[in-house]
Amino acid sequence: MRLLLTGCALFALSLPVMAGPAVAPSSQIETDLLPASLLQISETEAFSRYVFLVDKEQRKLSVFERNGELIQKITEYPADIGKMGGNKTKRDDHKTPEGIYFLQERLSQPKIPFSLYGALAFTTNYPNLFDKRENKTGSGIWLHAIPDSVPLTRGSRGCVVVRNDVIKKLADYIKLGETPILIFDHVNYVSKSEHDKRRQDLSRFVESWRQAWENQDIEKYQTFYDEGFKAPGFNYKSWMSHKKNLKSKYEYIKVHLSQPYIVQHNDQLLVKTLQRYESDKHVDYGVKTIYALKSGDTYKIIREEWAPFSQQEVAAAIARENSMTASSQKTQ
């Protein structure tokens, strides 16, 4: 309960990138324009088919859905944000952070007081990996509601706030641990052709990394990594030594990936995919998450994470991706 007493809603107690062509102003957004940073919502059922985008300038929360290979906005609601403008950098600055976050835990009464958080609240993973690299501090950044008697313009301590009836609707779109909430000072939109180009460029980046890994081309493989790279139990130097050691042990490796999530926030890139790793001595199935930062005209990986996952679901997702790729090549 101590965390609740420092949560953002208590402000009520003291009420007072990849370069590309110019993006369309929000006032000119049409249905055929797409958010520049939401490049691909994976068709893999293990992940969420919905993504939340928060535009702080417009004070709106939008829900985007994967519909086949398309991305489309399905609803939009007014939202409140931190009382102070700008990007959150430290504890108690009353600013809403900007970045790539995931909704983690669902809270309701009696764990949270209705008078402060409404019927529901969803925690986020602020500070995320990118935030920690920048030494940002603070915690308790949530998506939550407020009672109808409280103005939606009062300003929070940093949380994203919606009406009580809205949070109940949003709950239907949330898959805990998987649904992203991307928070921007301003959401930029681009044409479908430009959106496709950006998505294809990053898809090629991921595929080139996969091929270098599978071919055990260590010289090329290491060009994808930042020298400050870290993974659980590894830094850049020990990671490359580990890969060289595996190359000497395995006659071959095969790396299969499902269609990934691809999301950006300014210079930040997050790619999430299901992975099947195979060698002449070992096979495993899991979820791979890649974090990267823009470096010149490309990206450098700063961290990788892997967690075991259902063999059946990974195999099915990869088979679907292979089928889609083969079908696409036939139509070209």
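1. Let's start with His 144: this residue is buried (under 20% relative accessible area, where exposed means over 50% and partly exposed lies in between, with a 1.4 Å probe and protein chains only), and its relative accessible area is 0%. His 144 sits in strand 8, residues 142–146; strands here are DSSP E runs of at least two residues and helices are H or I runs of at least four, numbered from the N terminus.

2. A word on the source: this is a predicted model, in which local features need pLDDT of at least 70 and side-chain atom pairs count only at pLDDT 80 or more, while totals for chains, interfaces and linings use all residues. Residues are numbered from 1 along each chain as its sequence is written, and side-chain values use heavy atoms, leaving out hydrogens and water.

3. Cys 159 is buried too, with a relative accessible area of 0%, and belongs to the loop between strand 8 and strand 9 (160–163). An unreviewed UniProt entry gives His 144 and Cys 159 as "active site"; such annotations may be inferred rather than shown by experiment. Although they spread over 16 residues of sequence, they cluster in space, with a largest C-alpha distance of 7.4 Å.

4. Now to helix 6, residues 236–249, where Tyr 236, Trp 239, Met 240, Lys 243 and Leu 246 are buried. Viewed down the helix axis, these buried residues fall within an arc of 120°, so they line one face; the arc is that of the directions from the axis to the C-beta atoms. On the face turned away from the buried side you will find the exposed residues Lys 237 and Ser 248.
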